[in-house]
Amino acid sequence: MNSPIRERAQLAQAHRIVVKIGSSSLTRPDGRLNIPALRKLVDVLAEEVLRGKQIVLVSSGAVAAGFVPLGLAKRPNDLATAQAAAAVGQSSLMATYTDAFRAYDLTAGQILLTAADTVRRHRYRHVVQAFERMLELGAVPIVNENDALATSEFRFGDNDRLAALVAQLVRADAMVLLTDVNGLYTAPPTTPGAERIPVVHDLRDIQGVEVTGRGSAFGTGGMITKLQSAEMAMVTGIPTMLTTTGNIGAALRGEDVGTWFVPSSNRTSRRKVWLEHAAQMTGRLIVDSGAERALRERGASLLAAGIREVRGEFAAGDPVEIVSESLDMIAHGIVGYASTELPQMLGRSTDDMRKELGEDYVRSVVHRDDMTIVSPTVTDVITGNGLPVAD
Ligand SMILES: Nc1ncnc2c1ncn2[C@@H]1O[C@H](COP(=O)(O)OP(=O)(O)O)[C@@H](O)[C@H]1O
Ligand SMILES: N[C@@H](CCC(=O)OP(=O)(O)O)C(=O)O
C-alpha cells in the first residue's frame, strides 16, 4: 500500500469536497455513458457522505447520455445538436445518479450553471444560497454546465474550470479532479519516459511539462483545463487532487496517488480569479502608457482620460480586456459604461466630463476593485511564454 504523505492529510481531513468527474471517465469507447463507472463513483462518494463529509459532485456526461436516445450514431460536434443531446442526456444522467445515491438512502439534486450565473453579483449570491441549503439538508448537489442553454460565446465548455468556480462558491476545503490518468505527468502518459509529478507547489514546478489540450476522444479540455482549474483553486487557497476514479478512495485517505496541488499563501479574491481565468471578455479597451503604469504600478482605477480606443460591443457590467497600445494584455475588468457611451468620454478628464456630460460620467471606467492585473497563466508557463516572478 502507498504511504500517506503529510501534506495530503489535508485531503483526508477536508470536510467539504468538490469532486469533478470528466467525460473520459464516464464514457464507454463507443461514446455512450458508462453506467457501471458512474455507480462505482457513487459507491465511494456515498460512503464519504455517510461518514459525515459534504460532497459536491461536478459531473460531465450529459452529451454522452443523450445522443443514443436521439437516434444519433455518434457524439455530435455541432453546438445545436450537442445542446439537444445534453438536454436529453442530463435528465437521464441525473436519474442514474439519483437511483445510485438512493441505494444509500441519500438524496441527490441537480444544479445547472451557465457562465453568466457566476458573473453577476446577485446571481452569484443565489447560487451560493442554493448550494448551502442543499448541503445543510444533507443532499448531494450534482452540477453540470447548463449545456442546453449555454451559448458558444458564453460558456465554460469544459467542466474543469467550472469545478474550480464551484469549489470557490461553496468554499470547499479541497477539490478532486477525476480523469483517466493518475495525475499530471511530465509529458502525456503514453510518451515513453513520462513520469507522474506527485506534488505541485507553484507554477514553477510544472515549467517544461508537456501537455495536450485534448486527451481522450470524449474529454474536452485535456490537461490544460485541469491545470487551469487547479491554478484557480490554488490561488484561492483550495488544494486540489488530480487522479483516476479508481484511486479516489486512496486519495481521500491521503495516500501517494495522483498529483497534489498545494494552495498558495497569497490568496486572490474569488471574483478576481473568476475575472482572470473564467470570464469571457466581451470587449477591449486600449490604453496609453500612462494609464498602463497607473494600473500596473499603483493599482489605480482606469479613467477615461487614459483610454485610446474601444473595441467590441458591450454593456455596463460586462467583462473587458484592458490592453496596451501594442496590444499586450494588462488586465481584465468589469466595465462601468456601455461601448456606446465610451467614445464621447475617451481621453477626457473627469472635470471636463462633469461639466459637459454630467455627474453620471465622473465614475472610473473600470474600478480597481473590479479589475485584476493578468499574470502569466499556467498555459503561458508550460508553453514558455511567461514565468511567475520569483518570491
Ligand atoms: N502531461 C500530461 N499528464 C497527464 N495527462 C496528460 C498530459 N498531457 C495530456 N494529457 C491527457 O489529458 C487527458 C485527460 O483530459 P480529458 O480527456 O479532457 O479528460 P476529462 O474528460 O476527464 O476531463 C489524459 O487522457 C491524457 O492523455
Ligand atoms: N457539460 C458536458 C461536458 C463538458 C466536458 O466534456 O467536460 P470535461 O469532462 O472536462 O472534458 C457534458 O455534460 O456532456
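**Entry 1: the annotated span.** I started with the UniProt record, where an unreviewed entry marks "domain: PUA" over residues 283-366. I kept in mind that UniProt positions are in the numbering used here, that feature names are shortened, and that annotations may be inferred rather than shown by experiment. This is a predicted model, in which local features need pLDDT of at least 70 and side-chain atom pairs count only at pLDDT 80 or more, while totals for chains, interfaces and linings use all residues. Residues are numbered from 1 along each chain as its sequence is written, and chains are lettered from A and ligands numbered from 1 in the order in which they are written.

I then looked up the make-up of residues 283-366: the span is 21% helix and 25% strand, and its end C-alpha atoms lie 13 Å apart. Helices (H or I, at least four residues) and strands (E, at least two) are DSSP runs, numbered from the N terminus.

**Entry 2: the domains.** I found the protein chain split into domain 1 (6-270) and domain 2 (281-373), with bounds that come from an automatic or database domain assignment. Their C-alpha centres lie 36 Å apart.

Entry 3: Which residues does the record list as a binding site? The unreviewed UniProt entry gives Ser60, Asp147 and Asn159. They are spread over 100 residues of sequence, yet they cluster in space, with a largest C-alpha distance of 10.8 Å.

I went to Asp147 next and found it in the loop between β4 (140-145) and α7 (159-169). Asp147 has 24 other C-beta atoms within 10 Å, so it is buried. My cut-offs here: buried means 20 or more other C-beta atoms within 10 Å of a residue's own, exposed means 12 or fewer, and partly exposed is in between, with C-beta atoms placed from the backbone. Leaving out residues up to four places away in sequence, Asp147 touches Ala62, Val63, Ala82, Gln83 and Ala86. Contact means that the C-beta atoms, placed from the backbone, lie within 7 Å.

Asn159 sits in helix α7. It counts as buried because it has 27 C-beta neighbours inside 10 Å. Beyond its neighbours within four places in sequence, Asn159 is in contact with Ser60, and also with Lys20, Gly22, Val58, Asn144 and Glu145.

**Entry 4: helices α7 and α8.** I checked how covered α7 is, and 11 of its 11 residues are buried. Just after α7, Arg171 takes a positive phi of about 50 degrees.

Helix α8 (residues 222-234) has 13 residues and reaches 19 Å from first C-alpha to last, close to the 18 Å expected at 1.5 Å a residue; the expected span is 1.5 Å times one less than the number of residues. Since 13 of the 13 residues of α8 are buried, the helix is largely enclosed by the rest of the structure.

**Entry 5: strand β5.** In β5 (residues 174-179), 6 of 6 residues are buried. I traced the side chains: Ala174, Val176 and Leu178 point one way, Met175, Leu177 and Thr179 the other, and all are buried.

How many bridges join β1 (residues 16-21) to β5? I noted 5, and the two strands run parallel. Val19 stands opposite Val176. I also noted 5 bridges between β5 and β7 (residues 240-244), again parallel, with Thr240 as the bridge partner of Met175. Strands count as paired when DSSP finds at least two bridges between them.

**Entry 6: the cores.** A nonpolar core here is a set of buried Ala, Val, Leu, Ile, Met, Phe, Trp, Tyr and Cys residues joined through C-beta atoms within 7 Å. In the largest, of 82 residues, Val18, Val166, Ala167, Met175 and Val176 touch the most other members. Helix α5 (residues 79-102) gives the most to this core, with 8 residues. Another core of 25 residues lies apart from it, including Leu285, Ile330, Ala331 and Met353.

**Entry 7: two loop residues.** Asp105 is in the loop between α5 and β3 (108-113), and it counts as exposed because it has 8 C-beta neighbours inside 10 Å. Leu327 is in the loop between β11 (319-323) and β12 (329-334). Leu327 has 9 other C-beta atoms within 10 Å, so I logged it as exposed.

Conventions: Two residues are in contact if their C-beta atoms, placed from the backbone, lie within 7 Å.
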